[in-house]
Amino acid sequence: MAAFLSCLLVALPLHCAGQTNLRSPEDIQIYVVNTNFTLSWNYTGNDTNVTFSAEYRWFEDTETNGTEWKGLPGCQNVTCTECDFSSAITEYYDMHHVRIRAERREEVSPWSSTFEMFPYFLAQIGPPGIALQSMNGVIKIKVSPPEENQVQKMWLTPLDFKYKLVLWENSSNSEFRSQSIFPTDIIDDLAPDTTYCLKVQATLPLELREGLFSPIRCIKTTRKVNDLLCATNLRILALNLEFHLHWTNQYKQHVSYNVQYLIGYLKKLHDDYSVKWLNVHGCENITDTQCNFSSIITATSGSYYLRVQAINEYNRSCLSNEVKVDPLITNEIGPPGVKLDISNALLHIQISPPGGSESEVMRDYYDLSYQVLYWKNSSNNEEEIKVKEIKQTIGSISDLTPSTLYCVKVQAFSETYNKSGHFSKEECIKTPGDKILPLIILATFVIALIAVFLVAVPLVFALYQAYSKIKYVFFPSCQPPLNIEGFGGQLFSSPYLLTAEEPIENCSIIETIITEEVNQTVFKDYKHSKQSSRDSGNYSNDDNTSGNKVSEEMLEKETV
């Protein structure tokens with residue numbers, strides 16, 4: 001309608017005196033939706049019977065000068081201020097130049113300023129197509145991508161599209177609900193017998209592009225039939241990449257179950273995936289309400305969908321709601337293994353990644369780090385719990401107190417997935433006693449022993465010397481000769497003690513003639529007495545000595 005009015009205004013005859021030159025069009029704009037190109041402009045002149053013609057040229061690369069200016073198909077001699085030139089553009093990744101001018105018979109205006117464009121970067125995503133179906137209290141929606149039926153396509157990879165749904169009740173005070181959906185999806189959690197309106201938008205998240213919303217569609221929901229045969233309350237328990245599906249049975253009679261799965265990427269396709277569900281091996285025709293489906297998780301980067309088909313004795317079946325599994329997000333990290341050892345005043349911690357035989361897979365996928373908690377296990381409840389983070393599976397703790405019981409527990413965590421695992425069992429170990437104290441005691445003892453030895457040896461030697469002197473003085477070991485001991489009946493106890501001078505008899509030899517026998521006897525007695533006097537050596541004087549020598553000489557002569 002706006003285009004029609006603009007064309008009508010330009011075509012109306014306007015009478016303005018003095019206007020001889022045509023003015024150039026202004027404010028040139030190009031709108032691109034998918035592969036649809038629209039050129040628009042403003043014309044401020046008051047001229048009548050004015051038409052407009054546009055030209056374009058395009059460049060295969062930035063180094064060339066481009067092609068010659070050509071008339072733009074769809075935009076020649078138009079009377080409106082916009083035109084559609086979609087058929088003229090086929091190269092969406094090349095730069096194009098567009099210009100336009102006003103014309104009246106032989107008179108033309110100057111060309112407008114040149115508009116430069118890269119079609120792909122200027123293009124906007126068009127609205128997707130939608131089809132709705134109301135069934136059993138839910139709405140089934142099927143979305144078709146933009147340009148689905150077009151030969152020329154701006155968007156070459158429709159699988160890259162993501163779809164955003166905006167839903168609300170058709171009432172005056174309704175709230176808008178927004179969610180992401182697949183090309184074929186189910187909208188549940190709806191009130192029965194209620195009219196809902198919705199619109200869908202296609203987006204390219206990697207390119208930060210948001211398209212136009214589809215036209216608004218409204219549909220009324222039906223009442224949901226509660227079938228007791230269906231399995232309910234589906235939940236997934238996953239630990240260390242071991243996946244188990246649990247569900248609740250409401251049916252009181254005999255029922256068997258088939259657990260089915262669908263690979264997640266199939267839902268991104270615009271094809272019907274309802275026939276592509278597969279049974280989980282080992283979970284077919286089972287009567288239990290749980291299933292180990294770890295065997296189907298062959299790729300941790302994708303997603304999976306599971307559902308349970310219940311079958312009664314009459315072969316009637318019912319499908320449960322679906323549950324989504326993102327392996328590395330759904331999975332929980334279990335407790336790691338821990339071994340403790342102490343050496344060289346260090347507490348060594350050896351960690352085994354969670355998962356046992358699958359530990360390498362867990363470590364590689366999650367890029368695990370470890371949080372070590374350790375504390376002194378004592379009666380003091382206020383002991384501080386210390387935390388240490390390590391990247392490797394081997395760590396050590398220093399600054400330990402001797403003869404102290406330390407306890408440790410470890411938790412694995414992944415920063416990539418913002419996921420923390422379970423703590424390991426508490427492990428405790430006692431540090432050995434302080435080796436410095438025994439060394440100090442031993443060194444002190446040795447030093448004391450050496451000091452005692454250095455003091456005692458000179459003291460003992462001095463005491464021994466004093467004892468020897470005292471003993472020698474007061475208790476001499478030598479005794480006087482026997483022939484001297486009888487004189488005066490007195491013992492000589494010490495050679496150094498002064499004694500009273502004994503009286504000495506003055507003897508003289510009378511010269512008489514005696515028999516030879518007597519002489520010999522006297523001579524022998526004299527010799528014996530002389531010898532004894534020499535042995536004593538302590539009681540002779542000068543007078544006696546001289547007298548004895550004279551007597552001795554005389555006796556020798558007489559003997560001869």
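A residue is called buried when its relative accessible area is under 20%, exposed when that area is over 50%, and partly exposed in between, as found with a 1.4 Å probe on the protein chains only.

The legends describe a predicted model, in which local features need a pLDDT of at least 70 and side-chain atom pairs count only at pLDDT 80 or more, while totals for chains, interfaces and linings use all residues. Residues are numbered from 1 along each chain as its sequence is written, and side-chain values use heavy atoms, with hydrogens and water left out.

View 1. D367, which is partly exposed because its relative accessibility is 41%, sits in the loop between α4 (359–366) and β28 (369–376), where helices (H or I, at least four residues) and strands (E, at least two) are DSSP runs numbered from the N terminus. The phi of D367 is near 50°, a positive value in a residue other than glycine. N49 likewise is not a glycine and has a positive phi of about 55°; its place is the loop between β2 (36–42) and β3 (51–59), and its relative accessibility of 49% makes N49 partly exposed. Most residues other than glycine have a negative phi.

View 2. P146 belongs to the loop between β11 and β12 (162–169) and, with a relative accessibility of 5%, counts as buried. Apart from its neighbours within four places in sequence, P146 is in contact (heavy atoms within 4.5 Å) with N34, I125, G126, P127, P128, F161, Y163 and A202. P146 and L212 are 66 residues apart in sequence, and their C-alpha atoms are 9.8 Å apart in space.

**View 3. Aromatic pairs.** Rings of Phe, Tyr and Trp (its six-membered ring) pair if their centres lie within 6.5 Å, and planes under 30 degrees apart count as stacked, over 60 as edge-to-face and the rest as tilted. A search of the whole structure finds 14 such aromatic pairs. In one of them, the rings of Y43 and F52 are 5.2 Å apart centre to centre with 70° between the planes, an edge-to-face arrangement, and both Y43 and F52 are buried. The pair of W168 and F176 is tilted, because the ring centres are 5.0 Å apart and the planes lie at 50°; W168 is buried at 12% relative accessibility, whereas F176 is exposed, with a relative accessible area of 60%. Ring pairs also link Y93, F118, Y120, F121 and W155 into a cluster.

**View 4. Lysines over ring faces.** A charge sits over a ring if NZ of Lys or CZ of Arg is within 6 Å of the ring centre and within 35 degrees of the ring normal. K267 lies over the face of Y305, at 4.1 Å from the ring centre, and K409 lies over the face of F423, at 5.0 Å from the ring centre.

**View 5. The whole chain.** The secondary structure of the chain comes to eight helices and 33 strands, and buried residues make up 36% of its 560 residues. Among contacts with a separation of 6 or more, 63% are between residues 24 or more positions apart.
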